[in-house]
Amino acid sequence: MLIAPSLLSCDFSRFRDEIIRVDEAGADYMHLDVMDGHFVPNLTFGAPVIKKLRNATKKPFDVHLMISEPHRYIGDFANAGADIISFHTECDSDVDLTLKLIEERGVKPALAIKPGTSPEAVQPYLDRLFMVLVMTVEPGFGGQSFMPDMMPKVEFLKKEIAERGLQTLVQVDGGIAKDTIATAAKAGVDICVAGTAVFGEKDAKEAIDTLKALCE
Ligand code: DX5
Ligand code: ZN
């Protein structure tokens, strides 16, 4: 299991040091939650902040866009050094166009679905995706409870990916913790985002090691 700590739960007054801390603790990706106060009822940070943080680590930047019009900002996030860009099928941008913009910039594209969205929404694009992000909470805030009833979506997508001979990874985001990660692993999840479960613990390495061990 790969672990992508969500920096949403870090100490923002020490943003750069927090990235270095979880890098050294064994984080696989840095999950960066971008919110616009419109697609979700919360605001975080944008491309300029990500650009300044890019050289804090060599680990991939996994940028999760929870914004209404992602197509308008793909160039900015690509320039900021995003390795993966996830955006939501529920956004107002054209999905095909937005994927094209990401592909043209040589960034790995990912599509995210909210709890109320069927996995069929990503099916037409599956062969173009590096990753599918299945939200296991309503996007907007860290610290919410994991929704185990999202696991059939993961199973559906894993089956579809295998049948089509694709390499697409499946990520879950929201409520991943010691008592929920095994459920995600059993469903076939490849990457778990974890905010509270990493930054809420004193020892980030122990937190990441424990989460990984619980998947074996
Ligand atoms: C929620 C964000 C998540 C969030 C996860 O909208 O996309 O990445 O930070 O936080 P936890 O792991 O605390 O649920
Ligand atoms: Zn996220």
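Lys114 is placed over the face of Phe39, at 5.1 Å from the ring centre, and Arg54 over the face of Phe61, at 3.8 Å from the ring centre. A charge is taken to sit over a ring if NZ of Lys or CZ of Arg is within 6 Å of the ring centre and within 35 degrees of the ring normal. The model is a predicted one, in which local features need pLDDT of at least 70 and side-chain atom pairs count only at pLDDT 80 or more, while totals for chains, interfaces and linings use all residues. Side-chain values use heavy atoms, with hydrogens and water left out, and residues are numbered from 1 along each chain as its sequence is written.

A pair of aromatic rings is described by the distance of the centres and the angle of the planes. Rings of Phe, Tyr and Trp (its six-membered ring) are paired if their centres lie within 6.5 Å, and planes under 30 degrees apart count as stacked, over 60 as edge-to-face and the rest as tilted. Three aromatic pairs were found in a search of the whole structure. Phe12 and Phe15 form an edge-to-face pair, because their ring centres are 5.0 Å apart and their planes stand at 70°. Phe12 is partly exposed, with a relative accessible area of 39%, whereas Phe15, at 10% relative accessibility, is buried (buried means under 20% relative accessible area, exposed over 50%, and partly exposed in between, with a 1.4 Å probe and protein chains only). The pair of Phe12 and Phe45 is also edge-to-face, since the ring centres are separated by 6.0 Å and the planes are at 70°. Phe12 belongs to the loop between β1 (2-5) and α1 (15-24) and Phe45 to the loop between β2 (30-35) and α2 (47-53), so this pair ties together parts that are 33 residues apart in sequence. Phe45 is buried, at 11% relative accessibility. Through ring pairs, Phe12, Phe15 and Phe45 are linked into a cluster.

The secondary structure of the protein comprises eight helices and eight strands, where helices (H or I, at least four residues) and strands (E, at least two) are DSSP runs numbered from the N terminus. The radius of gyration is 16 Å, close to the 17 Å that the globule rule gives for 216 residues, so the protein is as compact as a globular protein of that length. This radius is taken over C-alpha atoms, and the rule is 2.2 Å times the number of residues to the power 0.38. The C-alpha trace spans about 40 × 40 × 30 Å along its principal axes, and 52% of the 216 residues are buried. Leu99, in helix α4 (residues 95-104), is buried with a relative accessible area of 0%. Its C-alpha atom lies 9.9 Å from that of Pro70, at a sequence separation of 29 residues. Ala182, in helix α6 (residues 181-187), is partly exposed at 39% relative accessibility.

Notes
Chains are lettered from A and ligands numbered from 1 in the order in which they are written.
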